[in-house]
Structure formats: C-alpha cells, structure tokens
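Today I opened a new notebook page for a structure I had not looked at before.

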Amino acid sequence: MIAAARQRARRALHRIGLTPAQIEAVSPRIREERRQLDAARALLEDCRAQLRRALGSREPEAASVLELTLQERLLARRERELLAALETSLASALRPEQALRLRGLPPAALFDVIARLSG
C-alpha cells in the first residue's frame, strides 16, 4: 500500500471510528472476501487482455470477440457484486452511525479501508 493510500485509510478509519475490537472482529471475514475480489479482478484483467489481443488482430474473429465481451461483462458484474458484498459485510459489523459514515466514503477511501483491514 503506497503512502497516500495508507494516509487515506487512516483518515477514513478515524472518520468511521472503528474500535480495535471491531477491527479484530471484521478483519478475518474481510480478508477472505478480499481474496475472492482479488481473484475476480485477476480473471477480469486477463479477460480484458485477451479481448484487446482479439480486437487488435488483423481480422478479429467475431465469435471469439463476442464470447470474450460477454465473459468480460459477467466478470465485471461479479467484481461489482463482490465489492458490494465486502462493503455490506464491513457495514454489518459497525454501529449504525459508523455504517452511515462508511457509506459516505469516496470509493478510493473505501477500498483503502478494505485493503488496510484485510492486511
């Protein structure tokens, strides 16, 4: 995690007001869900690279491009679902006012918090 991301995560965690006990309770669950998200992102990136190569060829094969495009959309949807589940999982361990502050974080700060909690 780069310095700017660490600083964003610290500020966001301070703003949310997570207690050490909450961090300890939520970290293992967040860690597992983060692994799933990272795996989904790796698949998505691989699919996008394949799609770029297929489209970059002299004569792109329509069936291959269509299949990769559909796969890319499904993987992108899965990534969004996993990120939303991760946010919901984190919010479920918080008090209502903390969950509200969590939902108010910008996406970059939210992901920095998730990265920090997943160690």
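Before looking at any crossing, I wrote down the rule for its hand: a crossing is left-handed if the near helix is turned anticlockwise from the far one by less than a right angle, and right-handed if clockwise. I also noted that helices (H or I, at least four residues) are DSSP runs, numbered from the N terminus.

**Ground rules.** This is a predicted model, where local features need pLDDT of at least 70 and side-chain atom pairs count only at pLDDT 80 or more, while totals for chains, interfaces and linings use all residues. Residues are numbered from 1 along each chain as its sequence is written, and side-chain values use heavy atoms, with hydrogens and water left out.

**Entry 1, helix α2.** I began with α2, which runs over residues 20-56 and has 37 residues. From its first C-alpha to its last it reaches 50 Å, close to the 54 Å expected at 1.5 Å a residue; the expected span is 1.5 Å times one less than the number of residues. I then looked for a bend, the angle between axes fitted to the seven residues ending at a residue and the seven starting there. I found one of about 40 degrees at Ser27, with a proline, Pro28, following within four residues.

Next I checked how α2 and α3 run, using axes fitted as lines to C-alpha atoms over the stretch in contact, with angles from 0 to 180 degrees between N-to-C directions. Their axes come within 9 Å and cross at roughly 165 degrees. The two helices are therefore roughly antiparallel (angles under 35 degrees count as roughly parallel, over 145 as roughly antiparallel, 65 to 115 as roughly perpendicular and the rest as oblique). The crossing of α2 and α3 is left-handed.

I picked Ser89 in α3, the helix of residues 62-92. Ser89 is buried, with a relative accessible area of 7%. Which residues does Ser89 touch, not counting residues up to four places away in sequence? I listed Val26, Arg29, Ile30 and Glu33, where contact means heavy atoms within 4.5 Å.

Helix α4 (residues 96-103) packs on α3 at an angle of about 150 degrees, with the axes 9 Å apart. That makes α3 roughly antiparallel to α4. On the α3 side I noted Glu87, Thr88, Leu90 and Ala91, and on the α4 side Ala99, Leu102 and Arg103.

Leu83, Leu86, Glu87 and Leu90 of α3 meet Leu110, Phe111, Val113, Ile114 and Leu117 of α5.

The buried residues of α5 (residues 107-117) include Leu110, Val113, Ile114 and Leu117. Phe111, also in α5, counts as partly exposed at 22%. Leaving aside neighbours within four places in sequence, Phe111 is in contact with Arg34, Leu37, Arg41 and Leu83. After α5 comes Gly119, whose phi is positive, near 60 degrees.

Notes. Buried means under 20% relative accessible area, exposed over 50%, partly exposed in between (1.4 Å probe, protein chains only).
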